[in-house]
Amino acid sequence: MGNQELHRGLEGIAVAETRLSTIDGEAGELSIGGYPVAELAKNAIYEESVFLLFNNRLPTKSELESFCTELAGYRNISTEVKQVLRRAARENADPMDALRMGVAAANLGCDVTESTELAKRLVSVIPTIVTTYWRYRSGKEPVDPREDLGHTANYLYMLSGEEPDPEAVRGLETYLNTVVDHGLNASTFVARSIASSDSDLVSAVTGAVGSLKGSLHGGAPGPVLEMLLTADDSGDPEGYVQEKLDSGERLMGFGHRVYQTRDPRAEVLSHAAERFYSGSDDRAFFGFVEEFEETVVSRLADHRPDRNLDTNVEFYTAVLLHGVDIPRELFTTTFAMSRVGGWTAHCLEQLADNKIIRPLSIYTGDRGRSWTPVDSR
Amino acid sequence: MTPSVFDPGLSFTAVAETGLSEIDGDTGEFRIQGFEIEDLAENAAYEEVVWLLFNGRLPTDNELATFTNELSSARSLTDTIYSLIQEGAEEGVPAIDTLRMGLGAGSLSFDSEDTLMATRRVVAICPPIIAAYWRYRQGREPIQPRDDLTHTENFLYMLSGVEPAASTVKGLETYLITIIEHGLNASTFAARIIGSTGSDPFSAATGAVGALKGPRHGGALKRVSEMLTGLDNGTDPATFVQERLEGDGSFPGFGHIVYNTRDPRAEIVEQAAERVGGKQDSTPFLRNARQLEAVAAEYFTEQYPKRQLHVTVDYYAAVLLSELDIPPELFTAIFAIGRSAGWMAHYLEQLESETLLRPRTRYVGPDERSWISRSDRFVAGDSSPPSSTDLKGISSILGTLSEPARLEISLILYESAEPLSYSSIRAQSSIEDKGRFNYHLRKLRRIYITNTAAGYSLTDTGRKVVEMLVDDEQLLAQTIE
């Protein structure tokens, strides 16, 4: 015990065996359920990706239909949860706090206890929580989910109250598939740790949502969009980049702790964004984005040759989500709406072959103290 | 990729330095900030130990008064949270889930951006959430907290509506202090992972409650209580122990993961139960629990001389809480009331270290696959069977079984009506070498067998395969002839 080695960030330690996804940081490859992320992202609907994670294979046509129907049946939230979300909106609570409140109470009005059913419940309920909160915050009444719409289309519908454009649905769907799972990032690790005590999936996903909120976790591309809009407005992107570098500020959307290459997800999302913008009125913005990316990557290579600061997933996430009209305040909650597929699949994997996660610590505090009564302190 | 160490429970890996507490599992000692736990439990008020965890030393009179006020002013809940709790109570949601719901919404109507204040808020609102839940369950209205009562008094007051007796307060307070903190157990670790991202105290506490809920963690209290209640009617303890262990094999309240001795906290709580009961050893509940402990300890020493199976804090906590007339439905939630301070102290420690916890996985999934269009996918019942290249996965799954040792393990599990512990499969199997045994057991996991809290058992697939083998008309019968 005395000479225990400390593994502060757990970087070299594997805590779980998983079949869900694998990352090769050097080659810049990510595969989900055995499929390269590019294949899955462009071909699947989100429900199909989730089925793949839960069952380790793609569904047949009829399996997919019944899976979609099951998911659609789990979308409603109870009156009390709506009240909580209205209150949160009125108090201008952070959208991630509102999501935590909603997910923590996702069991209300939903009488299931089987882990596999709770997994579907959680996947389905997040879009309703997020949009209900957002409608209240925008001074509008929430829109009830529509069972005839798919997961992604229904989300956009509940957000705007109008049936969405198929190209926007496809764009968002590609994003949701792309980020559905990514190894043991902190939020997924929390979910597995909670499940390791044989707790339930609502608890595990609530914990995951809580950790996703933290600024050290990825999945928060809001600042990337701010940067792009400012740089575009400035009319002088080169000058903007130079100024940031000179003042030692970070350029958002570059560099990843796992990938030493361009993030494979950035590749997928840039294609999706290109496709989406080429059919939209905002084609010029995408042209600017591509140029800006090139400028930054080459300038960063000159500026920090010692580090790999290539484009990460957040860069094109911001571009794509902005394109399909997701308000930037909801970027992180939209990430959660995708990742819940990975969180729940990891929990099911943990529960199937469980061992409690209980690490050691090294004591560095005082020793040998004894009680002093309050008046002699 | 850097080669990584595989440690699925992290039981060999130290992930943090802590100044909060120190466990010596071999000598059975436990200290908080350098104070023996016995010392704190005997002398301190709950608020004092919370302050100690947050600040690293004992508070002065003034500091304690200020802190007590801070807790009081952070204790009130908005109507929206009360409605949420009421709905939980009416739907029959367990107390610990309702606590998760309440804490999850704990940031509502709390206008401080200050992280330290939010950690106080977490500690302050656990009691009113649980008390309100219980009142609603009884069909009564919740009772508002009173500023002139201490943390522990307030809880008991909000629960019953009457000012509690001093001896009851002392009994509960002893318990809350004894379990206030205990290293990196699953719930505390969950709080630290959440803190490691820079997230807020409500998120960390909500996650921790979620982990505590699990039967492998906080759930033990409830099981002990059920066990001891079952013993109440004059059963002979020796018969009882034997029947339980030969039955489902579980004996809650025995064998702590970090102690090779009796859990030092058990003693403290046992004595507190004795004091609450009045004169020594006078209540039947405590007397029965003690007799059962003695018989069980003897049984374990005989049966498993190499393993250290001693009583844990949960065992006597169930006795103490019962003596205090606290409903068993609230036991796990009350543990959370005590532990919330430990969670928050660890959360702050992790936050200050600014280190993200991001471990690795070991990939055991399929090799690269290529996309199959929806209409080309095959499962049993569809018309056109796939080609051999698409069947590699299945063929390797079947290959796993083609090994006598693995078939033997599968048959052992098939023969047992209940899940089996690791040691009991080992004992029944003819595979002597431990490494070889572990290897084959591992190979069978996931597809053919699973391991849950209750032990190992066959999966549906595993059961089907073995059924095919052992059916009279089938393979095993033919080959064994």
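First, the conventions. This is a predicted model, in which local features need pLDDT of at least 70 and side-chain atom pairs count only at pLDDT 80 or more, while totals for chains, interfaces and linings use all residues. Residues are numbered from 1 along each chain as its sequence is written, chains are lettered from A and ligands numbered from 1 in the order in which they are written, and side-chain values use heavy atoms, with hydrogens and water left out.

Let us begin within chain A. An automatic or database domain assignment gives domain 1 (29–214 + 329–352) and domain 2 (222–323). The centres of these domains, taken over C-alpha atoms, are separated by 27 Å. Contact, meaning heavy atoms within 4.5 Å, involves 18 residues from domain 1 of chain A and 17 residues from domain 2 of chain A.

How much area is buried between domain 1 and domain 2 of chain A? Buried area is the accessible area (1.4 Å probe) that two parts lose on being put together, summed over both. Here the figure is about 1,400 Å², with carbon and sulfur atoms giving 77%. On the side of domain 1 of chain A, A:Tyr175, A:His182 and A:Phe331 supply 41% of the area buried against domain 2, more than any other three residues.

One salt bridge is counted between these domains, a salt bridge being a side-chain nitrogen of Lys or Arg within 4 Å of a carboxyl oxygen of Asp or Glu. A:Glu167 forms a salt bridge with A:Arg275, and the closest N and O atoms are 3.6 Å apart.

I turn now to A:Ser196. This residue is buried, because its relative accessible area is 0% and buried means under 20% (1.4 Å probe, protein chains only). Beyond its neighbours within four places in sequence, A:Ser196 is in contact with residues including A:Gln350, A:Asn354 and B:Arg216.

In the interface, 109 residues of chain B are in contact with 107 residues of chain A. The area buried between the chains is about 9,900 Å², and carbon and sulfur atoms give 57% of it. In chain B, B:Arg358, B:Arg369 and B:Trp371 lose the most area to chain A, together 9% of what that side buries.

The rule finds 11 salt bridges across the interface of chain B and chain A. A:Arg377 forms a salt bridge with B:Glu48, where the closest N and O atoms are 2.8 Å apart.

Technical notes
Buried < 20%, exposed > 50% of the residue type's maximum accessible area, 1.4 Å probe, protein only.
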